[in-house]
Amino acid sequence: MARKAAGEEPLPEEDPSNPAFKPIPEPSRLDSFLITNQIANYCNQINGFGILILPLSSPRGMRMVWESIAYQRADRLDYMSLDEEMADSIDEFEEVTEGTDTSAAQARKGKDIQGIPWERLNITRKSYRLTRLEQYRNYENIPLSGEAVDKLRNLVWATSKHDVYLISNYSLMHWSSISNNLSEVLDFSGHIAPSEKHAGNLLEGLTQTQISTMAVKNRFVVAGGFQGEIICKCLDKPGISFCARTTYEENAITNAVEIYDSMSGGLHFMAANNECGVREYDMEKFQLMNYFRFPWPVNHTSMSPDSKILTVVGDDLTGLLVDSCNGKTIGSIVGHLDYSFASAWHPDGRTFATGNQDKTCRIWDLRNLSAPTAVLKGNMGAVRSIRYSSDGRFLVMAEPADFVHIYNVEGEYKKRQEIDMFGEISGVALSPDDESLYIGIWDRTYASLLQYNRKRSSEYTRSSVKYGAKSVPNLASFLCNLSLFGLTDVVNRSALGDIC
């Protein structure tokens, strides 16, 4: 950037168009919060204590304040080097931070669901939660709407209670809880070119596509990129069916994609972009069927169950209901205090929900849009993802980090379960039969894929999921399968929450 400011040509590794370019990875938010709190604790201990920080060369690139070491002088703060004298401590650290299985039984006995070694840190989980709530800053476009963080992009999708697809390190991965196997489906870091001939296919292909959002349905995957890319793949066939650049405008990020059954009976997908456009494609010949343009960037769209009405929300206080055939506005959604980033339809086709940076999810009735029927509030940040269960009994609502809420729809959203973890949430997904809930957590140290099983009142099944990340470098994934109980009125619960 300094060379560009000086009018000089960028170096190869600084030029986004150069194949050698790779974005600088975002530092771990969880690490920075933990380090900040522990350093503060150590600074308060002025009676001659120092700290040891493990270097980036340690396993999994972890940077963690590990232990305090007494020194003879109280006015010195030393950083000790790693040598043979420290070997025992390093081995112990690696043992603590190594990815391990986490079962429901272990979690109930006190093992952290994400593998965070609280017993080794100078802060308790409860204290860190309070600090996190105080320090986390929700991004606002409209000041004081809720109180800078990237938009959650829905990068986790479940196709059955045993199968989930997720994005990790430029790759589309598949996890099977039956075979305990994590496998790579598609690598986006290299060159991708279409293997089928369709009008509009980008024959030269794409290189180093950074995925911003995706959807999986009926054995098809549609992934959107930060430069307006669209990539479609059939999971039953090798190769890529379709890839294209929807736009070459500078602000072209693909904010959302949705696969759905059209009114004609064919499979279609919708892509919403930051350049204010919404595009509809059929999935037989991948032809552009419709292009709707709006006066503001579109952050999310969702199709009604009968495929007649499209909810459109984005960088505006007002959301829209539009005719899916011609894009004409048939209703407005007024009530949020900031920009919206999520929407979802209830299976009844009359109720839908919108999620906003004002930290609320609002429930609307299509028959009366004058005011929301319910306002559901988050704890820390914007509502970035919303999912209704297939049977319509539950609504899942995810914040940008740390919290996922599950509401009882039949109880008029008055009862909820709260799942509490640490880290940026990369996506939430319910299996089609509503038997499993998957939560993706993005963090460079404690990245996790959490699986929760729905607990029926008349049955109890205890199971565990193996750690399956060793097949993919740099992916730390702790997989936890918990049997869940019944919804309660208690809201500040641990990760062992309840769902009926």
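Is Cys 234 buried or exposed?

## Cysteines

In this predicted model, Cys 234 has a relative accessibility of 10%. Buried means under 20%, so Cys 234 counts as buried. Cys 361 is also buried, because its relative accessibility is 0%.

A search for disulfides across the whole structure gives a count of zero.

## The largest nonpolar core

The largest nonpolar core consists of 18 residues. Within this core, the residues with the most contacts are Ile 167, Leu 172, Leu 186, Phe 188 and Ile 231. Three strands each supply two or more residues: E5 (163–168), E10 (211–217) and E11 (220–225). Strand E10 gives the most, with three residues.

## Contacts of Leu 172

Which residues does Leu 172 touch, leaving aside those up to four places away in sequence? The list includes Tyr 165, Leu 166 and Ile 167. Leu 172 also touches Ser 183, Glu 184, Val 185, Leu 186 and Phe 188. Met 214 and Val 221 complete the list.

Three of the names in that list, Ile 167, Leu 186 and Phe 188, are also among the residues with the most contacts inside the core.

## Ile 253

Ile 253 lies in a loop, between strand E13 (242–245) and strand E14 (254–261). Its relative accessible area is 10%, so Ile 253 is buried.

Ile 253 can also be placed relative to Gly 224. In sequence, the two residues are 29 residues apart. In space, their C-alpha atoms are 7.9 Å apart.

How values were computed
Residues are numbered from 1 along each chain as its sequence is written. This is a predicted model: local features need pLDDT of at least 70, side-chain atom pairs count only at pLDDT 80 or more; totals for chains, interfaces and linings use all residues. Side-chain values use heavy atoms; hydrogens and water are left out. A disulfide is a pair of cysteine sulfur atoms within 2.5 Å. Buried means under 20% relative accessible area, exposed over 50%, partly exposed in between (1.4 Å probe, protein chains only). A nonpolar core is a set of buried Ala, Val, Leu, Ile, Met, Phe, Trp, Tyr and Cys residues joined through side-chain atoms within 4.5 Å. Helices (H or I, at least four residues) and strands (E, at least two) are DSSP runs, numbered from the N terminus. Contact means heavy atoms within 4.5 Å.
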